[in-house]
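Here is a short briefing on one protein model. Please keep the sequence and the 3D view open while reading.

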Amino acid sequence: MKRIVRQGMLALAALVLLNSNVAIAQDSEITDKDLYNFALVVQVVEQMKAEVGPAIQGLIEEQEGFDGKRYNELKGAGDNEAKLKELGANEFEIKFMGLLVKEQEEKIDAIKDALNTLVKGMIGVQKYKTIKSTLSVDPDLKAKYEEVLNRIAPVGADA
């Protein structure tokens, strides 16, 4: 009797496990639409990231008494006042570097917010994570993704 109950429990466990694996496989299936939406999200985020540098450069160019060369000398210190002083920054440069770092952080936070909103609205967080991790291990999916990405690349992307 115990043997029958044990075999029945094993069969039930196997059935539950099999059904849950099928459900997981269905949830993690990556459709062409999912891949297309993932590529769109990546493209938008990359375009936003590409605008951060020129925006900071524009602020530097507008600021009298501060140039790109001096920024490059100081940027490793960020807005750390002690490190900036070690690099010979004066009070104006310390304040301006603080403003530049703050502006850059605000833009990066905006990109993160946009990414989260796009992912939730277009793909779903779990699907996004699945696609992102699968791309690094599945050469067929990566080739398909590259094809989609090339189709939706913005005009002038090579410029």
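Which pattern does the protein follow when read along the sequence? The pattern is α-α-α-α-α-α-α. The protein has seven helices and zero strands. Helices (H or I, at least four residues) and strands (E, at least two) are DSSP runs, numbered from the N terminus.

This is a predicted model: local features need pLDDT of at least 70, side-chain atom pairs count only at pLDDT 80 or more, and totals for chains, interfaces and linings use all residues. Residues are numbered from 1 along each chain as its sequence is written, and side-chain values use heavy atoms, with hydrogens and water left out.

**Overall figures**

- Of the 159 residues in the protein, 25% are buried. Buried means under 20% relative accessible area, exposed means over 50%, and partly exposed lies in between (1.4 Å probe, protein chains only).
- The accessible surface comes to about 11300 Å². Carbon and sulfur atoms account for 55% of that surface. Accessible areas come from the Shrake-Rupley method with a 1.4 Å probe; for residues, only the protein chains shown count as cover.
- Take the contacts between residues at least 6 apart in sequence: 66% of them join residues at least 24 apart. Contact means heavy atoms within 4.5 Å.

- The structure holds eight salt bridges. A salt bridge is a side-chain nitrogen of Lys or Arg within 4 Å of a carboxyl oxygen of Asp or Glu.
- Side chains of opposite charge can pair when their charged atoms come close.
- One of the bridges joins the side chains of Lys127 and Asp34 (3.4 Å, N to O). Lys127 lies in helix H6 (residues 125-135) and Asp34 in helix H2, so the pair ties together parts that are 93 residues apart in sequence.
- Helix H2 covers residues 32-62.
- Are these two partners buried or exposed? Lys127 is buried, at 14% relative accessible area. Asp34 is buried too, at 13%.
- Not counting residues up to four places away in sequence, Asp34 touches Glu29, Lys127 and Ile131.

**Salt bridges within a helix**

- Glu103 forms a salt bridge with Lys107, and their closest N and O atoms are 3.3 Å apart. The two residues sit four apart in helix H5, so about one helical turn separates them.
- Glu103 is partly exposed, with a relative accessible area of 25%. Lys107 is partly exposed as well, at 28%.
- Lys142 and Glu146 meet through their side chains in another salt bridge (3.8 Å, N to O). This pair is four residues apart in helix H7 (residues 139-152), so the separation is about one helical turn.
- Lys142 counts as partly exposed, at 40% relative accessibility. Glu146 is partly exposed, at 31%.
- Salt bridges that share partners also join Arg70, Glu73 and Glu93 into one network.

**Negative patch on the surface**

- Which residues gather in a patch of negative charge on the surface? They are Asp79, Glu105, Glu106, Asp109 and Asp113.
- Patches are made of residues with over 30% relative accessible area and no salt bridge; like charges are joined within 9 Å, and nonpolar side chains (Val, Leu, Ile, Met, Phe, Trp, Tyr) within 5 Å.
- Lys and Arg count as positive and Asp and Glu as negative; His and the chain ends are not counted. The place of a charge is taken as NZ of Lys, CZ of Arg, CG of Asp or CD of Glu.
- Glu106 is placed in helix H5 (residues 91-123). Its relative accessible area is 41%, so Glu106 is partly exposed.

- Ile56 is found in helix H2. Ile56 counts as buried, at 4% relative accessibility.
- Leaving aside neighbours within four places in sequence, Ile56 is in contact with Tyr71, Leu100, Glu103 and Gln104.
- The C-alpha atoms of Ile56 and Leu100 are separated by 6.7 Å. Along the chain, these residues are 44 apart.
- Gln104 has its place in helix H5. Gln104 is partly exposed, at 28% relative accessibility.
- With neighbours within four places in sequence set aside, Gln104 is in contact with Val52, Ile56 and Tyr71.
- The C-alpha atoms of Gln104 and Ala55 are 8.6 Å apart, and the two residues are 49 apart along the chain.
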